Amino acid sequence: MDDCIFCKISAGEIPATVLYEDDDVIAIEDLNPQAPVHALVMPKAHYDNIVDGVPATTLASMVHAVGEVAASTGLSERGFRVIANTGSDAGQTVNHLHLHVLGGTSLGEGLIP
Ligand code: 5GP
Ligand code: ZN
């Protein structure tokens with residue numbers, strides 16, 4: 001996708017702080033963090049969102065990356081939240097599938113941090 005910012009980040013064309021990377025996925029720090037730890041886990045291939053025909057192997061790679069990020073950023077012990085904003089009602093602003101990984105403080109009991 002030519003005009004997709006996350007495609008460009010995945011390809012290394014736009015800089016980002018990379019927390020984890022493998023053949024399928026990349027995890028970066030969010031530019032505008034909403035918690036002490038706020039990572040974005042995304043496939044390197046472009047999918048609009050989590051219901052855009054994403055192969056199960058890609059979804060598995062993303063969940064694996066969540067675990068790697070949680071471990072390396074110290075979130076594993078105290079817990080964290082994973083969010084996939086999907087479509088306009090959820091406020092998805094970048095239409096390249098990504099999981100938000102949020103933690104490093106008490107996020108409360110609600111779904112919205
Ligand atoms: P969404 O609202 O689509 O679920 O989340 C998009 C996220 O991407 C936002 O949290 C926003 O701060 C982050 N973001 C947007 N542009 C960039 C960028 O160029 N670099 C990084 N690291 N994060 C970005
Ligand atoms: Zn993209």
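Reply: Start with burial. Buried means under 20% relative accessible area, exposed means over 50%, and partly exposed is in between (1.4 Å probe, protein chains only). This is a predicted model: local features need pLDDT of at least 70, side-chain atom pairs count only at pLDDT 80 or more, and totals for chains, interfaces and linings use all residues. Residues are numbered from 1 along each chain as its sequence is written, chains are lettered from A and ligands numbered from 1 in the order written, and side-chain values use heavy atoms, leaving out hydrogens and water.

Me: Okay. Are C7 and H46 buried or exposed?

Reply: C7 is buried, and H46 is buried too.

Me: Which residues coordinate the zinc ion (ligand 2)?

Reply: C4 (SG), C7 (SG), H46 (ND1) and H96 (ND1), at 2.1 to 2.3 Å. Donors are N, O and S atoms within 2.8 Å of the metal (3.2 Å for Na, K and Ca); water is not among the atoms, so sites may look incomplete.

Me: How are those donor residues spaced in sequence?

Reply: The pattern is C-x2-C-x38-H-x49-H. C7 and H46 link distant parts of the chain, 39 residues apart. C7 sits in helix α1 (residues 5-10), while H46 is in the loop between β3 (37-43) and α2 (56-72). Helices (H or I, at least four residues) and strands (E, at least two) are DSSP runs, numbered from the N terminus.

Me: New topic. Which residues come nearest to ligand 1?

Reply: E29, D30, N85, T93 and H100, out of 16 residues around ligand 1. Here, near means that a heavy atom of the residue lies within 4 Å.

Me: What does H100 do there, in distance terms?

Reply: A polar side-chain atom of H100 is 2.7 Å from an oxygen atom of ligand 1. V94 has a polar backbone atom 2.9 Å from an oxygen atom of ligand 1.

Me: How much of ligand 1 does the protein cover?

Reply: The protein covers 83% of the 520 Å² of accessible area that ligand 1 has on its own. Those areas come from the Shrake-Rupley method with a 1.4 Å probe; for residues, only the protein chains shown count as cover.

Me: Last one. Where is P15, and is it buried or exposed?

Reply: P15 is in the loop between α1 and β1 (18-21). P15 counts as exposed because its relative accessible area is 75%. Its C-alpha atom is 17 Å from that of M1, 14 residues away along the chain.

Conventions: A polar contact is a pair of N or O atoms within 3.5 Å; within protein, one must be able to donate a hydrogen and the other to accept it, and residues adjacent in sequence count only if both atoms are side-chain atoms.
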